[in-house]
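Please open the structure in your viewer and keep the selection tool at hand.

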Amino acid sequence: MLSLDKVFEAQQVLKGIIRETKCARSYRIAENCELYLKPENLQITGSFKVRGSAFKIASLTDEEKEHGVIACSAGNHAQGVALAATRAGIKSLICLPGIAPISKVEATKRYGAEVELVGSCYDDAYERALQLKEERNLTFVHPFDDEYVIMGQGTIALEILADLDDIDAIVVPIGGGGLISGIAYTVKQIRPSVKVYGVQVAGAPSMYNSIRDGQIECLDAVSTIADGIAVKEPGVNTFELVQKYVDDIAIVTDDEVASAILALIERQKMIAEGAGAAAVAAVMCNKFDLDGKKVVCVVSGGNIDVTSLSRVIDRGLLNSGRSSSLLIELMDKPGQLSAISTIIANAGGNVTGVHYEKGNTLHINGCFLRIEMETRDFDHVNTIKKALANEGFKLI
């Protein structure tokens, strides 16, 4: 049933339900290419997922609508199904993994769904949803391995090509593969010269492994800050579509994702969740050959819990050398802290924390001083370390 006509039909169906997100130029995130961002984090529900779920629900028969729908999700698909079902006047039941951020759980409830928390990952929620589907005669709305869902996500490609008619590549995060399947299929029908690149995180490389080995593989476990793409096993449909239409897939680490989230906040004034920043992380870290190319990164979602965001920012600062910590062994006598603070200040650093620690030092009157600082980058940190060493302070 997958067809370009159906993707255009989805575009018409979704009018009045979704927000058309215009591509935005980014000037300071990637210096080697002309980068644009497709901000699906600004979508209704804060994620692209509402596109696929709304098109799927619009395709249901009257009998199916009467019984209601069920879905499972790490959070974003849940909100999309809840909103689409409520607007269609039908009931929805959503199974979420127990680790889903509180913000996503509460948002799903606010959109009108009944919520059940299950297990510790998407796959646990999936098994429970299938059980409840049979028990209650509900229609299951799959988060990625469904042709209507895939075609709904393909509308993103139509918008990108309408905004920018001369792009060279689109970079897309991959979880189960619904988003990149829809985009890649649509793009290759309209403009096959455009490269479509996928990005997974090191803690959940299910599609990457499957494509590499030529068969669908299931991970034993997933662990990543990008919970929206933490999927153990790709779908049958999505695997085939990715295998056929996607040009390459790269892996990024959680640290690289954290740095991308920080870069989007500081340089683009844009909030992205871990999954949403994965494509940007790949471009920032030169995972593909994009020098001199006109590139679009899909920022797939922005539903990040505030507590998690704080941790990610802290990690991003550490990974970029913007925040650092020094442990100095010295003699416990007056004036030491003043001398160290002066050296750091003269080098342009800013002391944000001081911790005095007694420990196993070489001298009986020795101690440790842990200094936390704000710095510009790792070169700046090394400059401060050198200045302290030149004044006779022992860095541990």
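**Stop 1: strand β3**

Select β3 to begin: Val 69 and Ala 71 on one side, and Ile 70 and Cys 72 on the other, are all buried, so that both faces of the strand are covered. Here, buried means under 20% relative accessible area, exposed over 50%, and partly exposed in between, with a 1.4 Å probe and protein chains only. Helices (H or I, at least four residues) and strands (E, at least two) are DSSP runs, numbered from the N terminus.

The model is predicted: local features need pLDDT of at least 70 and side-chain atom pairs count only at pLDDT 80 or more, while totals for chains, interfaces and linings use all residues. Residues are numbered from 1 along each chain as its sequence is written, and side-chain values use heavy atoms, with hydrogens and water left out.

**Stop 2: the sheet around β3**

Next, display the four strands of the open sheet, whose order is β5-β4-β3-β6 and whose pairing is parallel. Its edge strands, β5 (114-118) and β6 (139-140), each pair on one side only. Two strands pair if DSSP finds at least two bridges between them.

Select residues 69-72 (β3) together with residues 92-97 (β4): four bridges join these strands in the parallel sense. Val 69 stands opposite Ser 92, and Ile 70 has Leu 93 as its bridge partner in β4. Now turn to β6, which runs parallel to β3 and is joined to β3 by two bridges. In β6, Ile 70 has Phe 140 as its bridge partner.

**Stop 3: helix α4**

Select residues 76-87, helix α4, which lies across β3 and β4 and runs at about 170 degrees to β4. Axes are lines fitted to C-alpha atoms, for helices over the stretch in contact, and angles run from 0 to 180 degrees between N-to-C directions.

How many of the twelve residues of α4 are buried? Ten are, and the helix is mostly covered; among them are His 77, Val 81 and Leu 83. To see what covers these buried residues, show α2 (49-58), β3, β4 and α5 (102-110), which are included in the cover; contact means heavy atoms within 4.5 Å. After α4 comes Gly 89, whose phi is positive, near 75 degrees.

**Stop 4: the cysteines**

Finally, select the cysteines. The structure holds zero disulfides, a disulfide being a pair of cysteine sulfur atoms within 2.5 Å. Cys 285 is in no disulfide either, and the nearest cysteine sulfur, that of Cys 297, is 11 Å away. Cys 95 counts as buried, at 0% relative accessibility, whereas Cys 285 counts as partly exposed, at 31%.
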